[in-house]
Amino acid sequence: MSLFKQLASKPWERKGVIGGLDPEGVFDTSPERVALSFFLAVASVIFSLFAVSYVIRMSLPDWTPLAEPSQLWANTGLLIISSILFQWARSIANAGKQKNLLTAFIGGGVFALLFIAGQVLTWNSLQAAGYFLTSNPANSFFYLLTGLHIVHLLGGLWVWSKSSIRLLSGGKPENLRLSIELCTIYWHFLLIIWLIMFAVLSNT
Amino acid sequence: MAYVPLADQDSEMEMHHPHSWVTKYVWSQDHKVIAIQYGSVAIAVGIVALVLSLLMRMQLGFPETFDLIDPNSYYQSVTMHGMIMVVYLLTALFLGGFGNYLIPLMCGARDMVFPFLNMLSFWFYLLSVLILMASFFVGGGPTGAGWTLYPPQTAMEGTPGHDMGILLMLASLAVFIIAFTMGGLNYVTTVLQYRCRGLTMMRLPLSVWGIFVATVLGLFAFPALLVSAVMMLFDTLLGTSFFMPAVIEAGTPLDHNGGSPILFQHLFWFFGHPEVYIVALPAFGLISDVLSTHARKNIFGYRMMVWAIIAIGGLSFIVWAHHMYVSGMHPYFGFFFATTTLIIAVPTALKVYNWVLTLWEGDIRLNAPMYFAIGFIFTFVHGGLTGLFLGNVVIDLPLSDTYFVVAHFHMVMGVSPVLVLFAALYHWFPKASGRMYHEGMAKVHFWCTFLGTYAIYLPMHYLGFLGVPRRYYAIGTTDFIPESAQDLNATITIAALFVGAVQILFFINIFWSLRYGKKADGNPWGSASLEWQTPDTPPAHGNWGDKLPTVYRWAYDYSVPGAHQDFIPQNVSESEEPTADEQHFDPDRDTSKADL
């Protein structure tokens, strides 16, 4: 039943058990996926508000655009590979297979770690070139936004490390299917956020 | 195959079964214990905020007599009182306290979806409170920038707590938001996914609807506070200029340059206005259930009440700038926000009408929760009507910095939610404790609080019309404020001290009743909603014994024509409705006398 139909129903008229085994309106998915969807919405709001603040602050006269270093393209490549590996792990787990699962899943996390290392190196090269956090609001936003993205990735890596340990210690793939799926969704989300962020930072 | 609902498929339910005193009462994963932990900490920190307000009132009422606080500590008290009351008391108690206690019980679930996350949520909340309280003990004391924390004032040397105080405040808020997010994800997922068999969304009590929509608002509004807190932390700690403009302090230019304080205001109020409804929507829900139960009538216009909750939730995101009329905005911008502000009054007024119509020709039981509930309708209408005045730009501009605004938001967002809290605490106390409270003491508590708060806030409107400015440590002598205004201020202070002192009755009542109160049966109010149908009172771990309930009807089957008793519980099917011989609830029982 659609959301609007549900909201239009007259509960005082309808008696008896409504719905099948679960009541109407329960999503046919795991609670973890529902919670993750809400979390992604919350994270999207956080990044959107930073983006709005960025645009408003950009319009003030002291703004000097930052020339984004070319390393960011390489870092972006690392994050894309990370996401592809997670997607590969998800397909293997969904098919109920085991071959290459470990490589794909662990590899996905490792490439994310490489991405973080790349971002930190970018920070260092910017600092060396004299682009400090406080020298201009464009710089401040660059460090803040990339840092915030890394914090989100670290949160994902914490969950990934727990699942990896279970996988390495002989956990069955079918028991880890949900974790792998949630990690993959989260990684794709963070890749999309990064791509948008990179586009905004590069073009302003 | 035997039916196993989603809410009962969780194999971890056994795993978090408490095995020791520590896991049962300290590191508890039981939603009921977590609710009481949340509630206790919220009330404790609320007492701190209450004492701060009394200190301020003593200064304002008798400026020459008492020497308890100086101008700096006055501003620190203003700031901490506001922030604690709004965030750490009201938000935490409505969502962390009542949300935790009622959602699984009203949804017919054994617990929250993620009990461990729920436990973490409480401990992060406690940590945030401790960080905030720590600011009283650091050099410079807590921040005195006002609860809105506007830059550049927050970071200026003339503002008390401009160094450690503001840092601790921002850190505490960040931790609180993490705690809220963990709890909030739990609440929404539990409501969506862990409802028992037959319990559709439109069969949920309005308490759950209010808490559910408020949680969604919180999940989307608190990020704005987080974003502004993070950028302000960068400004104060690392020297960036997100919000900080070029400022000359005591003849010396600060390192900041070009930041936008108005940007902070927009972010703050994008959180701040939904925050009003994060507090109000659970209050609306709880009061609807209290009114319906004690009026022995179904809630009037259930569907409209649900729609109104959703509409208010949505509209609350597009009214924020009505807090910023005096910041100097484009007239069309002001016009837009004045219009949306007036529009949001429509679903709000609709709810008030429906509460009154629920009482209309009801079989009203004037128990203490009902006293508080009816009292709430009065205070909310008064606070809401003055909100309509202030929602208009031309009226807001002259009144904005006066006591009229203080009176308005205290009536609508201070007194009203607190009356709901007392109504709800008294109403659900028998279920949570297994004991009845002392009815007489609760009614004395009501009358003193209700009349006392009117004695405080009605004259305050008049002070506002006189032009008495808010946020002043001492008014001193002016040409436009008559001396008699000070007499009014003194009267308000006496009323405030009285109301503050009288709250002790509530605590005496609770602690006395926990030990000596009459044993409550499982459903002393004859309530139809699911939380009153548990096999044990207070509900045992897992709530429902061996079998989860099945729901056959909505939560408001009161005084159903042809039924043998004046309520039919949600988990009673039509074929199971008790006959006259079986009925065990006496609708004519006068509980107010029985409990004295």
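Predicted model: local features only at pLDDT ≥ 70, side-chain atom pairs only at ≥ 80, totals over all residues.
Chain B comprises 17 helices and two strands, and its C-alpha trace extends over about 85 × 50 × 50 Å along the principal axes. The radius of gyration of chain B is 24 Å, which agrees with the value near 25 Å that a compact globule of 596 residues would have. The chain is divided into domain 1 (26-190), domain 2 (366-516) and domain 3 (521-596). Between the centres of domain 1 and domain 3 of chain B, taken over C-alpha atoms, the separation is 37 Å, and these two domains are in contact through eight residues of domain 1 and twelve residues of domain 3. On the domain 1 side of this contact, helix H4 (residues 71-106) of chain B gives the most, with four residues, and the residues of that side divide into four nonpolar, one polar and three charged.

Two helix pairs of chain B illustrate the packing. In one of them, helix H14 (residues 439-466) and helix H15 (residues 484-502) of chain B pack at an angle of about 155°, with their axes 9 Å apart; because angles over 145 degrees count as roughly antiparallel, H14(B) and H15(B) are assigned to that class. The crossing in which H14(B) passes H15(B) is left-handed. Residues of H14(B) that make the contact include B:His445, B:Cys448, B:Gly452, B:Ile456, B:Pro459 and B:Leu463, while those of H15(B) include B:Leu488, B:Ile492, B:Ala495, B:Phe498 and B:Val502. By class, this contact has 16 nonpolar and five polar residues, with no charged residues.

In the other pair, helix H7 (residues 206-238) and helix H9 (residues 302-315) of chain B pack at an angle of about 15°, with their axes 10 Å apart, and H7(B) is therefore roughly parallel to H9(B). The crossing of these two helices, H7(B) and H9(B), is right-handed. The contact is made by B:Leu206, B:Trp209, B:Gly210, B:Val213, B:Val216 and B:Leu217 from H7(B), together with B:Met305, B:Val306, B:Ile309, B:Ile310 and B:Gly313 from H9(B). The contact of H7(B) with H9(B) has nine nonpolar, two polar and no charged residues.

Most residues other than glycine have a negative phi, and most peptide bonds are trans. In chain B, the peptide bond from B:Pro151 to B:Pro152 is cis, with omega near 0°, and B:Pro152 lies in the loop between helix H5 (115-134) and helix H6 (164-193). The loop between H5 and H6 of chain B also holds B:Leu149, a residue other than glycine whose phi is positive, near 55°. A cis peptide bond is likewise found from B:Thr537 to B:Pro538, with omega near -5°, where B:Pro538 is placed in the loop between helix H16 (504-516) and helix H17 (591-594) of chain B.

The contact between the chains takes 39 residues from chain A and 47 residues from chain B. On the side of chain A that touches chain B, the elements giving two or more residues are helix H1 (3-8), helix H2 (31-58) and helix H5 (137-168) of chain A, and H2(A) gives the most, with 13 residues. The residues of this side of chain A divide into 25 nonpolar, eight polar and six charged.

Terms used: Residues numbered from 1 in each chain as written. Chains lettered and ligands numbered in written order. Axes fitted to C-alpha atoms, helices over the stretch in contact; angles between N-to-C directions. Parallel < 35°, antiparallel > 145°, perpendicular 65-115°, else oblique. Left-handed = near helix turned anticlockwise from the far one by under 90°. Contact = placed C-beta atoms within 7 Å. Nonpolar A, V, L, I, M, F, W, Y, C, P; charged D, E, K, R; others polar. Domains from an automatic or database assignment. Rg over C-alpha atoms; globule rule 2.2 N^0.38 Å.
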